[in-house]
Amino acid sequence: MLQPIGDRVIVKVKKEEEETVGGIVLASNAKQKPTEGEVVAVGNGLVTSEGKVLPMTVKEGDRVVYDKYSGTNVKYDGEEYLVLHEKDILAIVK
Amino acid sequence: MLQPIGDRVIVKVKKEEEETVGGIVLASNAKQKPTEGEVVAVGNGLVTSEGKVLPMTVKEGDRVVYDKYSGTNVKYDGEEYLVLHEKDILAIVK
Amino acid sequence: MLQPIGDRVIVKVKKEEEETVGGIVLASNAKQKPTEGEVVAVGNGLVTSEGKVLPMTVKEGDRVVYDKYSGTNVKYDGEEYLVLHEKDILAIVK
Amino acid sequence: MLQPIGDRVIVKVKKEEEETVGGIVLASNAKQKPTEGEVVAVGNGLVTSEGKVLPMTVKEGDRVVYDKYSGTNVKYDGEEYLVLHEKDILAIVK
Amino acid sequence: MLQPIGDRVIVKVKKEEEETVGGIVLASNAKQKPTEGEVVAVGNGLVTSEGKVLPMTVKEGDRVVYDKYSGTNVKYDGEEYLVLHEKDILAIVK
Amino acid sequence: MLQPIGDRVIVKVKKEEEETVGGIVLASNAKQKPTEGEVVAVGNGLVTSEGKVLPMTVKEGDRVVYDKYSGTNVKYDGEEYLVLHEKDILAIVK
Amino acid sequence: MLQPIGDRVIVKVKKEEEETVGGIVLASNAKQKPTEGEVVAVGNGLVTSEGKVLPMTVKEGDRVVYDKYSGTNVKYDGEEYLVLHEKDILAIVK
């Protein structure tokens, strides 16, 4: 298991649905890069310069939308994850 | 539904009115990119480094004007939205 | 009407006086871009990271001078406006 | 009259003395751009993020030296001025 | 022994497992650069601008995941280490 | 006399000793640019965002060493000076 | 003697051991630039924006490791030194 540091969030990226035309799978392109995923782990929160810990807004199990240029891809146990700062999450899907 | 994080605002972008010349729809160009829309969701407010939440100024239903280079485009449920930080909103249309 | 957000100011840009040579209107060039205008609306003031609102210095009706590279052009109701942060205003014309 | 905003200072730039060789005025070059002038107006001072106004050090009538890349040139009433932040003034000539 | 300064962490980088095809060792490439290692030393913590020391989250012996562009490589006693700020550690492997 | 503003220091740059080979003065090159000088004037100190004045460490008469890329050259009364922020002074020669 | 300002540290750079192949001294290259040295002088500590002096962690005589791109080279009394901010020191060799 990966335990993120600070205000980081680990997201399991939603698989892109394959687009098919008459049964033929189309190659994905940059515009279709997924920007939605499920939060699988959250850090304890950002430690401010006064040593205060700011609580996290997102929690495990949340589906979230993020900017496609955010975060760092990490491979762990054969799975691909995205590690993001909470501030790079745009919205929670309710 | 999308619930924005922090001081983010989700805006439904106003459709550009099609310009027609003699019934022919003209292609839009960069200069006519819409910069007005309706706020459909607002975050809870920016969390300061002291852990204080600053209340939002804009609210759901506000029509707002923003810089055309601001924000992140997000597609959700077949609709296009723009996710902006409140500080990137220039003015509220009253 | 446009209500600016935070420390923003909306300025109605002073029309450039046309330069004519023998009755022929000369094309304007970059050097003559106007940098003076009239304030038509002001925001409520900058909200500091402590949640304090700093009062505005300029007010509606002030004639102001600004750097020609500042602000965002906004078209509203067929008129051109410039939306500026108050800190980008150089001076008030008294 | 121009009333500068915040910690800005308006300086009337000292005319470059013309260099002549045998009565012929030489073209000025970048190295001889004036960096000295007389303060003609000062702002009320920088407003800090706590809403405190920091008093100005320079005052009207001071002769000041500044970096030649600082400030914004403003033309007003047919005269050329330089609008600078006080922190871009290097020294006062005593 | 190396004692890191401030919020720095010294990581012993996990050896890349050699990829072989039919017994032939393949050259590593940028994509396979290791991003996991074991913490061998931690600093006393970041000193804030108020002179407060913020305690460290990671500790000696933790296995950590980091961005492959983070940190500084240091060779000491014939071993290769990576010196990172704690904030550049993405997650602890539990 | 020049009175520096804030945390600035005015330094009289030490003349480079001419290198001669058999009596021929060699042209100076970038590597020999002087980085040592004598402090001839100091400002009153940096004004912090709380309006507090931080006292200066260097004083008139100190010989100081600075980075050759720091500061602004100023010519005054036929002499060349360097105006530096105190934080760009590396060390005092004792 | 050089007395560093603020949080600066003066380091006497460890001589690179010459690599020889069959008695022939090899030219050093960028990868072998030394990153270890002995602290010969330390400043009084960083002055924070509240005017507080933060004590130094390293002290005279410490052997330290630093990033090869940090600091400013200074020649004094025929010796080469490196002047670094303490925060650019990676670790103390114990």
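## Strand pairing in chain E

Two strands count as paired if DSSP finds at least two bridges between them. In this predicted model, strand β5 (residues 36-42) of chain E runs antiparallel to strand β8 (residues 63-66) of chain E, with 3 bridges. Within that pairing, E:Gly37 lies opposite E:Val64 of β8(E).

β8(E) also pairs with strand β11 (residues 89-93) of chain E, again in the antiparallel sense, over 4 bridges. Here E:Tyr66 has E:Ile89 of β11(E) as its bridge partner.

## Interface of chains A and E

Contacts link 16 residues of chain A with 17 residues of chain E. The two chains bury about 1300 Å² between them, and 62% of this is on carbon and sulfur atoms. On the side of chain A, the residues that lose the most area to chain E are A:Gln3, A:Ile5 and A:Arg8, together 36% of what that side buries.

Between chain A and chain E there are 0 salt bridges, whereas 6 residue pairs are in polar contact across the interface. Elements of chain A that give two or more residues to this side are β1 (2-4), β2 (8-13) and β9 (72-76).

## C:Thr72

C:Thr72 belongs to strand β9 (residues 72-76) of chain C. Its relative accessibility is 18%, so C:Thr72 counts as buried, the cut-off being under 20%. Leaving aside residues up to four places away in sequence, C:Thr72 touches B:Asp67 and B:Leu90 as well as C:Tyr81, C:Leu82 and C:Val83.

Technical notes: Residues are numbered from 1 along each chain as its sequence is written. Chains are lettered from A and ligands numbered from 1 in the order in which they are written. This is a predicted model: local features need pLDDT of at least 70, side-chain atom pairs count only at pLDDT 80 or more; totals for chains, interfaces and linings use all residues. Side-chain values use heavy atoms; hydrogens and water are left out. Buried means under 20% relative accessible area, exposed over 50%, partly exposed in between (1.4 Å probe, protein chains only). Contact means heavy atoms within 4.5 Å. Buried area is the accessible area (1.4 Å probe) that two parts lose on being put together, summed over both. A salt bridge is a side-chain nitrogen of Lys or Arg within 4 Å of a carboxyl oxygen of Asp or Glu. A polar contact is a pair of N or O atoms within 3.5 Å; within protein, one must be able to donate a hydrogen and the other to accept it, and residues adjacent in sequence count only if both atoms are side-chain atoms.
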